[in-house]
Amino acid sequence: MSNDLAIQARGLGKRYLLGAAGDKHDTFRDLLVAGARSVLGRRNKKAHTEFWALRDASFDIRHGENVGIVGLNGAGKSTLLKILSRITDPTAGSARIDGRVGALLEVGTGFHGELTGRENVFLYGSILGMQKEEVRRKFDAIVEFSGIPQFIDTPVKRYSSGMYVRLAFSVAAHLEPDILLLDEVLAVGDLAFQRKCIEHAKELQKRDATILFVSHNMFSIKTMCERVIYIRKGQIMFDGPTDEGIEFYEKDCSLSTLGWVKTDQSEWPLTITGCELSDASGVAKTVFNFGESMKLRIKYQMRRPVDDPNFIVAFIRSDGVACCNFSSELDGVTLGRVSEDGVVELTCPPLKLVSEMYTISILVREKGFQQVLCGQMGGAFHVKDDLLNTHFGVFHESAAWKVQADGAVETIPARPRLIGA
Amino acid sequence: MTSVARPITQIRPSAGWLDLDLGSLWRFRELLYYLVWREVKIRYKQAALGVAWAILQPLFTVLIFTAIFGIFARFPSDGLPYPVFALAAVLPWTYFAEALRRSATGLVTDADLVRKIYFPRIIIPVAGASSPLLDFAFGLIVLLGLMAWYGIVPGLSFLTLPLWLAETFGLALAIGLWLGPINVRYRDVMHTLPFVIQVWMFATPIVYPLSMIPEKWRTLYSLNPVVGIVEGFRWSLLGTGRPDLAAVGISLVVIVIALFGGVVYFRKMERSFADVI
């Protein structure tokens, strides 16, 4: 029975110590200071604070299964991957892995700029655990896959970052592991290259390879895996069919503080207590079709009165690109003196953003885009479209076209794509 | 798919103290080879004079030492031409210093690998101690040329050269295994090491002969394990002095113990490298 299991994890856990005891002291001086403190009895209260990056993770993965591991940043998915790839040891639990493991936590780790592409193929292959003979056998295929054979004897430092990633990924793609651990690295390169990569992944699936695909994006997982393991705060919250996992996950993309707004939250004159997403008719949802309208209801709580606050809502794509921005002030809305709790409702024009995951960041500024009064993350939503993805740009709009062919002029008016086509 | 025997991996928290797992070093020998190969390649890649530097560096060092210590300070040199006398010790010392430096700091230099890739970490200090061997080989050719110039022919003792070299490798690696994990936590090691190496060189009979040390201080002085090694090299290459067999034996035992302890310590510490580096 256990023979068809590729990975058996039982109670895997990883604990980190925070504060003085487990802190890393980058210099000896820090250590001396910490030591002196503890001798003087002025030990940090934080000492010995435990933090479980992953706790009690148990699951079975059969050979040939493709499983997505999903979680927000810091949920513990990378920790799990690092344990399974043996980069770090678990603090608790055990795992049994049946087969050769290939782990890609980052593409191109170990590439050296001074070496040529050819030399790097051999070095990187070896770092990924391939035998020299294996690399030699696959060398031509690797170079062909990368699509940059003319630069293979050029030092890698002269490569563009795109070429660099292509070559590195080509090497990685030719690793033929029984179990492949992928950390969001599949989404590299241009469209043609990405297609090649997807085909390659499908090829691996046909070969009955087991793939663990880690991502924060439930949707990119959906095309690859029928099963997801959803991790939140180090705990496995859900393990089952991807569709059910998505629902679970959406509920979790709740409010939190924006990382770059550093000020103490208790000093904010107001806080956002909720952000509900719905379609134009008010049906709550977080997955929108391309071209659909979205309504946001932002609940706020006042601590101190504010004159003419400027509510700003931005959509940030999963790769950090700020895609668009709505501002009450720019739209000429004056809120006056706000002193009581309330709700701000915003209806977006039809979403023309391409299919991706977007997080909403909500900022409240003083009038005239002055000081930030409050900065919070208001959850996430997805735009769904079969065709339009990031290769089509940030957004897509239809245009009016004119074709001029030998005398006859034909004007073709813009014809928007059918919603949800 | 025909099922070839698949390797089974067990992952669990820290194994015992004495789980040295030296077999993994063998399984990953190709990576070791490539890491050494990488060091050697990139060292001379961008230099116009390329590998010639491996020869020029010890030559210049000896030139300076000859001028300062041989000509101005008139240090004795056991009756040998000063350049030969100095080079025979500068070579192993340079190798030792470089091997020690690289094996102690390699983990931090290759922090990206440690963070993102699994492999037995011990490969890094072993590669660090191995890669300067090539420079040593080039330097040795220079020395043999210089000896021929002065008409000095090495005797049968030359055959013991690998023993001294192995001892140097072992000592550098042993110290590297102890310092490497400390350096992962406290980068102070990196900053202190060059200074320590410099002082250490003057506490070793490199620019001056062992005979300059008063008899009553000899034993204390010889506690520096490199003293025996350097004297061993001089004896092996130039036939000066006679190695004290007891001292050689003791230093061998000390190196083996330090190496063993280093491996145990390193294995114990390597589990947290990826977390703290």
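Select strand β6(A). A:I179, A:L181 and A:D183 point one way from the strand, A:L180 and A:L182 the other way, and all are buried (under 20% relative accessible area, with exposed over 50% and partly exposed in between; 1.4 Å probe, protein chains only). In a regular strand the side chains alternate between the two faces of the sheet. β6(A) spans residues 179-183, and five of its five residues are buried. Strands (E, at least two residues) and helices (H or I, at least four) are DSSP runs, numbered from the N terminus.

This is a predicted model: local features need pLDDT of at least 70, side-chain atom pairs count only at pLDDT 80 or more, and totals for chains, interfaces and linings use all residues. Residues are numbered from 1 along each chain as its sequence is written, chains are lettered from A and ligands numbered from 1 in the order written, and side-chain values use heavy atoms, without hydrogens and water.

Find A:A103 opposite A:L181.

Next, show β7(A), residues 210-215. It runs parallel to β6(A), joined by five bridges. Here A:V214 is the bridge partner of A:D183.

Move to chain B and pick B:W93. With B:L143, it has the most contacts inside the largest nonpolar core, of 126 residues. Such a core is a set of buried Ala, Val, Leu, Ile, Met, Phe, Trp, Tyr and Cys residues joined through side-chain atoms within 4.5 Å. Helix α4 of chain B (residues 82-109) gives this core its largest share, 17 residues.

Last, select A:F311, A:V338, A:L346 and A:V383. They are among the 34 residues of another core, apart from the largest one.

Note on methods
Two strands pair if DSSP finds at least two bridges between them.
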